[in-house]
Structure formats: structure tokens, C-alpha cells
Amino acid sequence: MAKKKQAKKQANTSNGFQKYVRWFWTLFLGGISAVVLMFLLASWGVFGALPDHTVLENPKTNLATEIISSDGKTLGKFYFNDNRTPVSFDELPKHLVDALVATEDARFYEHSGVDARGTLRAVVKLGSGGGASTISQQLAKQLFHGEGSSNIAERVLQKVKEWIIAIKLERQYTKEEIIAMYFNIYDFGNNADGIRSAASIYFDKEPNELDIKESAMLVGMFKNSSLYNPRDHRNPIGTRNRRNVVLNQMEKYDYINTKTSDSLKALELGLRYSPQSHRDGIATYFRAYLDGFMKDWIRNNPKPDGEKYNLYGDGLKVYTTIDSRMQNYAEEAVQRHMPRLQAEFDNQNTPERNPTAPFLDLDKNEIESLMNRGMRQSERWRVMKKDGKSDKEIIASFVKPTAMSIFSWKGEIDTIMKPMDSMRYYKKFLHPGMMSMDPLTGHVKAWVGGMNYRHFQYDHVKQSKRQVGSTFKPFVYATAIDQLHLSPCYKMPQSQITIEALKFGNPEPWTPKNSDGNYGGEVTLQAALANSVNTITARLMDKVGPQPVIDLVKKLGVESNIPAVPSIGLGTADLSVYEMVAAYATFANQGVYTKPVMVTHIEDKNGTVLYQFTPESRDVISAETAYVTVKLMEGVTRVGSGARLRRTWMPKTGVYPEIITGYPYEFKNPIAGKTGTTQNQSDGWFMGMVPNLVTGVWVGAEDRATHFKTITYGQGAAMALPIWGMYMRSCIDDEDLGISTSDFEAPKDLTIQVDCDDYVEAGDETVPSEEIPDELDF
């Protein structure tokens, strides 16, 4: 009996065990089946559509349009949300890839999208040891659904989709392509979308220039680009520690040795933050011009299917003529000269010295009218009007103290100020405009439209048009040479001349004066242009008439309206720096006008050329006329108002302030140029050229009522010439640029005499250049 009970008990135990085994296998196999079924259902799109092979081949990401200089540097980008420019795997340094694999997916080269070993570990530890996401899974998440859901069920489904997409990605792409895509897709913060932007913004480098510690820092940001951001001062220790974790991982997997790891961990991050916003960086005014150029091009050049290109998302590459080195030299020259010039202007316009500062020669009513006009033209007025505010409400806002950040040459100032007072504050600033161009090709090499695009967005290269003063005189001389075959040695009397009313359509008699009051004797045309003798220009105008001069100027590319009156010879016309540089370049290019070129070609993201520029040029004047005009302008920089460019010494007496003399530029090569100063010293110009580079500089305030009191500081030789001098000194010293220091090429059959016996030789310091006053044009 006992044996029967024992046997029955054993049978029951055995049956119970078998029952548990059956349940185990049922649950196990059922679980596997459920997982398999879930994967199948997910792959069939039951839980939501998955990307097909065409989407996987062309993942949809916004790609910034890249602006590339003639020397291969990125000047900036056009983007809306994503500042992303992809790079290929070959452009990534090995240590950057090693850092990523060591930290994010050590078995990356062994699995096919999903790391079974890591996944099992994550399941056993219930995720406490990490999610075991491979690089391919993380790429899938970045490309197709972003951050995970907080809902557990939804998160599980998302994880399943990640696995499926990761496996598809592995089938579709090589391991190298997946790594490149992952680096390109990630958002590193601070507008650093993708590794190329990140390397540029955080270290001012291309990806292939990164060192190991820099690569480690960027890879460390993959864990959380906000928490471990080197620009965020809230977690500097955590950011550095995260960088060091990456270095530890690289050491663990034998990518670097212990000695290297320890030495790198002791170093600072080495951050060189270089923001890439639309208002910062190099060539900001040029980029603003290019934005308009590209929008026009896009409007007129649709894709083959009729759709328009997206400037901010299609990843276009715009290849420009700007040379990043020359652009930097130009901006540096502006940044060196303008603060000194502004300081002198401010010194002359203290409340004690000028109660109406920054304006001169205006009464209270005129100032009020000027300020009211400025108020209605302001951005504040435009925005508030667009928002439906009444004029009364808008005017009231201009006298209400407001927190703002204002520009100063010593840095931005956070303050509280009435907008109307800030307007008057900004009216005091003098602004520069500068453009540099190769006269043969028309390629624009440098473009400085102002001193600070963040605060002053009006472009003084192409938008602004101001009176050009005596820089217009070479056009009169060129017309006379072309029509009358005059030599630079031809002499004319300096005595005053009156062009009668109605002659050439002149409404009243016109009798110009010389700035130095000298009207005695005769001078050669060479000396007359060098010293800007107004009466000689008037006599030439009387011989040829204003209309032929205008006709010439129009052929030289000037589109602005110029009235056909004799006074235009002294520079009454309003022209842009852009127009003046292109016109002067014709003289350096042997009489052939070449239209300025800013863009050589445009490519799509795949490198297909969408646009190739076609040069536009035309013969305007003979090579002889062009050469003789150039020789006349050489006299300006040898013995005239531009002769300070050749100085090898600095004044010791202090009589001539540094703002005028600038630096001892010590130019010894041929330079053709012309200074220009307008009524009441409102505008200062200098146009200067060597055989393969023509550069124009303008300096002045927003309003003509803001100007220097005297010609000492208010002349072109003091306001504009120093910028040209510093820029050209840097360009010539940079031998890689190949800026010519040779003579201008003379035509083979020169019939006009250009060497005059009474010409003062260069270097003759018996007539110091600062003792020759610059011109007053009216």
C-alpha cells in the first residue's frame, strides 16, 4: 500500500514537472512566436509604415546650401533649421571613427545591424546597463522617428522598427557609409548640424583637421549634446569628464595607448567657438547679397520636374569668386582703421564742441524732420505697422525706455534706452564700403559692405549710392584723351573758367573754385589730376561736353542716372562702390569692360553643375586711351593726394595725426589711383589699382549732415585711403595671392607722350604729400 502511494506520488510529481515543462516551452515558443509575429507585422506595416528601399537610399534630411570661396573655404551657409553639409567617410579622420565605435558600438563591424549579445545583456539587466542600440539602430532612430516615446508599449514597437530599419540599412549601405551618415545626421547644438558644422563651429576646423581630443569631445556629445555641450557653462566638468570617458573607451579597445590617453585627459577642451549664424562670420554683407542672387536664380531656374530648388534644404553648393584670405585682409583693414577714425569724429562732436551732435549745419527743426523721417523708415516702424499698430502707438514706443544691446567699437553694450535716442546714437557712426576685383576676369575678390552686419545691415557696396567727388574726374580726362588725343604733358591754365548758362543744358553759369585758391600759371594734365585742380577739369568739360562723358561712363557699366550738366565732372553724381570699381577696372584692363562676377558655378548636392557663369565683356575705349588715363592716375599716388602710400617714414612732430598718415605703407610699385572728397566732407573715397587688382573704398555717415568739420580729417586720403593701404599691404605681402607689383602694360603702338620733363619723380620728399590738400569739389 505504501509503495502504491509512493508510486502515485512520484507519478503526480512527474506529471507536474512535465506540465511545467510543457508550460515553459509553450510560453517560450509562444514568446518567440509572438516576437517573430510582431517583427513580421511591423515589417508588413501593421504598426505603421516603414521606409521602403527608395527612402532608405535617399533619406530625407534638410541640407544647408554651402557658400564656397575661390580658395576652397566655406564662407557661410544658407539654412532654415538645419545647418548641415554632409561629408564622405574618406573625409573623417580615423581617430574620430575609432572614438565613435569604441564608445557607441564596439562590435559594430561584427553585427548586421542588431547586436544580439548586447541586446540579451540589456534584456537580462532590464535596460539598466544601457539600451544596446547599435550605431545602425541609432541612425534609424535619427532618420525616421527621432526620440523614443515615454509609453512603454509604443517604445517597444519603436525599438522593433529600429531593428528592422537597422537591418535594412546594413543591407543597403556599407559600414563606412553608415558611419558617415550617422556623423552627418546628428545635431551637436548651436546650429552645428552634422560633423562638418560641428568641427567648424566648435573648433574652427574641417573634420579631417580634428585632433584626437577634439574628436573625443564631439563623440562624447552623442550621449546628450545639450548636457555635454562645451558652450554650456552649467556643466563644464561633466563635458570634460564625458570627453575623458571616450578616451578611456579608445584605450580599452586599443585604439590609443595608456600614455596617450592619460596625456590627453589632462588637457583642456581647446574650444574655438566660431558661430555660423547668418549675421556672424566672414563676408556677411556679401552673403546677404548672395541670398538675393540665389533667390532670383532659383525663381528663374526650376528643377527638371518644374519644382523649385530649396535654398535652405536642398544642399546646393555655390562657388564664389571671393578669396577668403583677401576677404579677411579687407575686414581686418576696416576693423583697424574705422575705430580710430570714429574716435576722432566723436572727439570733435562732444556736446561742448557741437551742441547738435552728431549733425552739423542743421537747426532744431531740420534735425527733428530728419529724425522723424528715420523713424518712419526704421525696422521697428515696419514691424509694428505690419502688426496693425497705429501711428500714434508706434510713435509712443519710440520714446519708451527699452532694454537693448547697442553697438560700440569696444563691444556690445547692454543698456536701457529710448529707441529714438538709440537712433540718434547710431546716426553718429561712420560706415565703410569696399570692393576688390580682378580687372581681367571680373572676379570680385573681397566685399565689405559695412563694419558690423548684426547691427548695420545696409550694404555700402551695391545698395548705397553716394556722391563720388573727384574720383569721377578720370572719366572726364579719359573722354578728353579719347576725343582730343591729349597727352598728360599737355598744359592748361589754372585760371577760373565760367561755363555760361544754357551751354550743355546748364541752367545757370557755373564757376568752380580750386580748393587751394591757386589760379596762377599753367599745369600739365598730369599735375592737374594729381593735385585735383578743379578748374582744369572744368576746362576739359568745356571742351568735350557732359554728354560724351556720360556716354563713356554708361559703357563702363554705370547704371545710375547722371544728369547731363558740367558739374558732374567734379563728382556730383551718386554712384555705388560696385559701379566705380567695375568702371575703373576697364582702365586697368586696356579699355575692355568686364562685368563683375561673384558666382562661378552652382552644384546640387550630388555635384551636378546647375549653373556656369558666362563672362560679359566689351571694348569701351582704346588700349592707348586706357593706358594714358592710368599713367595720369599714377601721378596721384606719386606726388598727389595719394602720395602718402609711398611714405617710408612717420611724422615726428605730431602735426599730422596718425589717423591721416595711417602706417608707413612703403609701396614702391606702380599704383594708379584717385582720392575723392565731397561737399562738407560728407564722403571720402579712394580708388586704387595695380595691374591685376582694382579696389575702391568709401567712408561716410548714414546722413550727409553727419560729417567732419574740416578737411584735415574729412578728406578721402584720411577717411578711405588708409583702409586701401592696409588691405593692399597685406595682399602684396601674401605672395601666394600673386598680386602684381609690375608696371601697367603699355600698348605696342603708343602715339601719345606720357613722360613729361617737369614731372616730379617718386620719392621726392621736398613736397611732403600731407602738405598737398585734398580736393573740395564744389
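The model is predicted, so some ground rules apply: local features need pLDDT of at least 70, side-chain atom pairs count only at pLDDT 80 or more, and totals for chains, interfaces and linings use all residues. Numbering runs from 1 along each chain as its sequence is written, and side-chain values use heavy atoms, with hydrogens and water left out.

Starting with the big picture, the protein has 27 helices and 18 strands; these are DSSP runs (H or I of at least four residues for helices, E of at least two for strands), numbered from the N terminus. Of the 778 residues, 53% are buried. Here buried means under 20% relative accessible area, exposed means over 50%, and partly exposed is in between, using a 1.4 Å probe and protein chains only.

Next come the charged pairs. Side chains of opposite charge can pair when their charged atoms come close. A search of the whole structure turns up 27 salt bridges, each being a side-chain nitrogen of Lys or Arg within 4 Å of a carboxyl oxygen of Asp or Glu. One of them pairs Asp323 with Arg325, with 2.8 Å between the closest N and O atoms. Asp323 counts as buried at 5% relative accessibility, whereas Arg325, at 28%, counts as partly exposed.

Asp683 and Arg466 also meet through their side chains, at 3.0 Å from N to O.

Another salt bridge joins Asp574 and Arg704, whose closest N and O atoms are 3.2 Å apart. It too links distant parts of the chain, 130 residues apart: Asp574 belongs to strand E11 (residues 574-575), and Arg704 to the loop between strand E18 (693-701) and helix H25 (711-714). Here Asp574 is partly exposed at 31%, and Arg704 is partly exposed at 36%. Elsewhere, salt bridges with shared partners join Glu66, Arg196, Glu206 and Lys317 into one network.

Phe429 lies in the loop between helix H17 (419-427) and strand E6 (430-437), and is buried with a relative accessible area of 3%. Setting aside neighbours within four places in sequence, Phe429 is in contact with Gln342, Phe407, Trp409, Met451, Phe456, Gly700, Ala701 and Glu702. From Phe429 to Ser408 the C-alpha to C-alpha distance is 9.4 Å, with the two residues 21 apart in sequence.

Asn244, in turn, is part of helix H10 (residues 236-252) and is buried, with a relative accessible area of 12%. Its side chain makes a polar contact with the side chain of Arg243 at 2.7 Å. A polar contact is a pair of N or O atoms within 3.5 Å; within protein, one must be able to donate a hydrogen and the other to accept it, and residues adjacent in sequence count only if both atoms are side-chain atoms.

Terms used: Contact = heavy atoms within 4.5 Å.
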